[in-house]
Amino acid sequence: MAGNSDLDVAYVARLARINLTVEEAKIFQKQLDEVLNYVEKLCQVDVTGVDVAAHGIPVFNVFRADAPHDWFTVEQALSNAPRQANGLFVVPKVVE
Amino acid sequence: MIGNELPALSIADLQSLLRRREVLSSEVINALRERIEAIDGDLGAYLSLDIEAAMEEAERAKVDLPLGGIPIAIKDIINVMGQPCTCASKILNGYRAPYDATVVQKLRAAGAIPFGKTNLDEFAMGSSTENSALKSTRNPWDLSRVPGGSSGGSAAAVAADEAFGALGSDTGGSIRQPAALCGVVGLKPTYGRVSRFGLVAFASSLDQVGPVTKTVRDAALIMNAIAGHDLQDSTSLNEPVPDYVANLGNDLRGVRLGVPKEYMIDGIDPQVRAAINAAVKQLNSLGAEIIKVSLPSTDYAVAVYYIIATAEASANLARFDGVRYGYRAENPKDVLDLYGRTREGGFGPEVKRRIILGTYVLSSGYYDAYYLRAQKVRELIRRDFASAFEKVDALISPTSPVVAFKLGERAADPLQMYLADIFTIAANLAGICGISIPCGFADLDGHRLPIGLQLLGRPLDEARILQIAYAYEQSTEWHKARPPIASSLPKA
């Protein structure tokens, strides 16, 4: 259930792929309602005609040379995999 | 020089000893190891140490390089090849970095030895290091208090002479605030000055790596090594790097310093206020002109930050899904179950809260109201600084409105914790550089607790804020004070 904001913690947690206990969802709901109430103050700001800033110092069109170079081997890339087989990451079946 | 005294040295002093061959790099590593064994059980600054690897590097140290043979501690959110990189999270349990971050490569190229990984708030989300899922770090000046955060392990290690210098990362104050609370120097470079490649991303438009050191000169030495363009980071700035050490000097004549009126708010601890006022007078007596300035959008900075930082975090932390590295939930019934339970068990409460908030502010129907509006107000904050820097060379403020607080005191109330970042957050939003240096002590419950002075500079003007910080530091004694725990000798 949502609190005094539109946020429904249990629903958004599902979108974010995080399972929550009922107890956790209740605590987060209260805490995040408070944060959302606080950020409401941004509604007071007149932002008419203001362009969006993506970075403090904008940089555009960054390219590096299209040249091959050494990178991870398959072994290195898989070195931290919780499960692997045949040089691949193993995940539960996705397609029926 | 006996081993017990070595760890108290600055990087610059250690460098002279190493170059005169009066001490060997391997002896330095041993001295640090003894110091850590003696006090880190109480302090909790380090998450992991690889003495063997450090010793091997010490044996072949080239002491004539800029940081030759000098061990530098690394916040455990920066990849060091072959070492764990936990981000103080259970979700990276068992991970070992298969590569070096660019900053680590650059430190190695300068001769430094990456030595130990320091504690932090999980994924750098916090202001007290209490959000670490792995360990509790304490303030060296009073072990019942927090070291600040999120680079609390780095700041505590440097303050307690468990490290000569350290790297931290700063997304909303995470280098400067713990530096202030532990009584050391912490520099957040201009966004893009230092490569982020190999720094585990929290909020990509705000994160920067920077030094935590005992002195301003040491911060300049580390900046000389780590600053510069990197093809692996598309936001890295391709601008020349000045010699930050050569620019240090004592004369502040002609320097104009701004005191933002919005930064002298009611919530500032009276002892912090008094120390900052005294520092302003001191800078004035060194020749700097003090000018009152205004940053009208200051009051909105925390709100803007907690929308933008959480939005970026929700995207960045999507990669922790139990597939390629780290913790994975047992026996998932399908892929959604794998994601949902891995992230439930792997992330701590603050990380979950921020991912949920970030997902919400980016979601359809709320994007314009929250995220887009926050980005526009961010631009207003950037303009505030740009117009202030037309009148002054740097801005002065407290780094934190309060001194180190008690462990547990603020942990239950996220919003109150967020509001403590009020003076540091705007610099990240605007992309400018900032430094915190010791400027006094507050007396509280029979303890001396450090106070930090923050200097904010124009984009790419690190040399200037380092110079001002150096002149101030050299005219005071604050940086020479050592916390009680640093004087306790290693057990024989």
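**Which residues does Lys41(A) touch, not counting those up to four places away in sequence?**

**View 1. Lys41(A) and its partners.** Lys41(A) touches Tyr300(B) and Ala303(B). Touching, or contact, means C-beta atoms, placed from the backbone, within 7 Å. Lys41(A) sits in the loop between helix H2 (22-39) and helix H3 (74-78) of chain A. Helices here are DSSP runs of H or I with at least four residues, and strands are E runs of at least two, numbered from the N terminus. Lys41(A) counts as partly exposed because it has 14 C-beta neighbours inside 10 Å. The cut-offs are 20 or more other C-beta atoms within 10 Å for buried, 12 or fewer for exposed, and partly exposed in between.

This is a predicted model: local features need pLDDT of at least 70, side-chain atom pairs count only at pLDDT 80 or more, and totals for chains, interfaces and linings use all residues. Residues are numbered from 1 along each chain as its sequence is written, while chains are lettered from A and ligands numbered from 1 in the order written.

**View 2. The largest nonpolar core.** This core holds 172 residues. A nonpolar core joins buried Ala, Val, Leu, Ile, Met, Phe, Trp, Tyr and Cys residues through C-beta atoms within 7 Å. Helix H9 (residues 301-316) of chain B gives the largest share, 11 residues. Among the residues with the most contacts inside the core are Ala301(B), Val304(B) and Ile356(B).

**View 3. Ile356(B) and chain A.** Leaving aside neighbours within four places in sequence, Ile356(B) contacts Val9(A), Val12(A), Ala13(A), Ala16(A), Phe28(A) and Leu32(A).

**View 4. Chain B.** Chain B has 16 helices and 11 strands. Of its 492 residues, 62% count as buried.

Technical notes:
Two residues are in contact if their C-beta atoms, placed from the backbone, lie within 7 Å.
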